Amino acid sequence: MLHCDLMKTRQYSSLCTRLFALILGLAPGLAAAASIEFRVTDASGVPLQDVAVYATPRQPLPPRPRHEAIIAQVKRQFAPLVSVIQTGTAVNFPNRDDVRHHVYSFSPAKTFEIKLYVGTPAKPVLFDKPGEVVLGCNIHDQMRGFVFVVDTPFVAKTDAAGRAVVDDLPAGEFDVGVWHYAQSAVQPVRRLRVSGDQPLPAAFTLQLRPGQIPAR
Ligand SMILES: [Cu+2]
C-alpha cells in the first residue's frame, strides 16, 4: 500500500486518499490486480454471513509470507466465531476472560488441546492440513468456533450482506469455492478466469442445516 507521511490528521488523510486515487486514475496499469466479488445467499435469497470464500490458483504462484491468526476467547465465546486461513498458518488462542478455558478440537484436520489456561498460551497452534476444524471448550459447553483451512492465501469471509471480496489476484484460472459450518452439503468449486482490474462477480447459494447458527 501507499505510505503517506502526511497521514497525521483526518484532513491530510483525505488529501492523501484523493492523491492516491488520482495517481491510479492516471496510471491504471498500477492497479491491474484482479478481484472476485462473492455474494452468498440461502435458497430463499437471504444473505449469509460468516461464509468462508476462497480462490485457489490453478497455476503455481510464488509463495507468500504467512501471517499468524488470532482466535480469542471473549465473554465465553470464540472471537471470531469463524476463521478462514491458509494451510500452514499458526493460530494464537489468547484468553481475554478472567475465567480459565480449555480449548480443544477432535477434527481430523487438526486435533489438539490447550489445557486449562489464562492469558496467551506460549506457543501458537499450527494448522498444517486443509479441512474444517470445530473448536470447543471443555469448561463451557456452549462455546463453539470454526476454522476453515484451505490451500490458498486468497480467502475472505462474507459480511452481514452476504458479500466478500477476494482481491490482489494475479490474472489466471482459479478454483473458487465457499464453505459454511452449517452447510447441509459440500458446494462444488467453480473454475473462473480472472484478468485485468474488473471485479468478477460470483454468486453462490448454500443450504444450511436448520437451527445451527448461534445468536449474536
Ligand atoms: Cu471456556
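In what order do the three strands of the open sheet stand? The order is β3-β7-β10, with mixed pairing; two strands pair here if DSSP finds at least two bridges between them. β3 (69–70) and β10 (125–127) stand at the edges with a single partner strand each, so one side of each has no neighbour in the sheet.

Before going on, a word on what you're looking at. This is a predicted model, where local features need pLDDT of at least 70, side-chain atom pairs count only at pLDDT 80 or more, and totals for chains, interfaces and linings use all residues. Residues are numbered from 1 along each chain as its sequence is written.

Back to the sheet: β3 runs parallel to β7 (residues 89–92), and two bridges link the pair. Across that pairing, A69 sits opposite V91 in β7.

Zooming out, the chain has one helix and 17 strands. These are DSSP runs numbered from the N terminus, with helices being H or I of at least four residues and strands E of at least two. Of the 216 residues, 24% count as buried, meaning 20 or more other C-beta atoms within 10 Å of a residue's own; 12 or fewer makes it exposed, anything in between partly exposed, with C-beta atoms placed from the backbone.

Now pick out Y104, in strand β8 (residues 101–107). Y104 counts as partly exposed because it has 16 C-beta neighbours inside 10 Å. Leaving aside neighbours within four places in sequence, Y104 is in contact with F112, E113, G136 and N138, where contact means backbone-placed C-beta atoms within 7 Å. I114, ten residues from Y104 in sequence, is 6.3 Å away from it, C-alpha to C-alpha.

Methods: Two residues are in contact if their C-beta atoms, placed from the backbone, lie within 7 Å.
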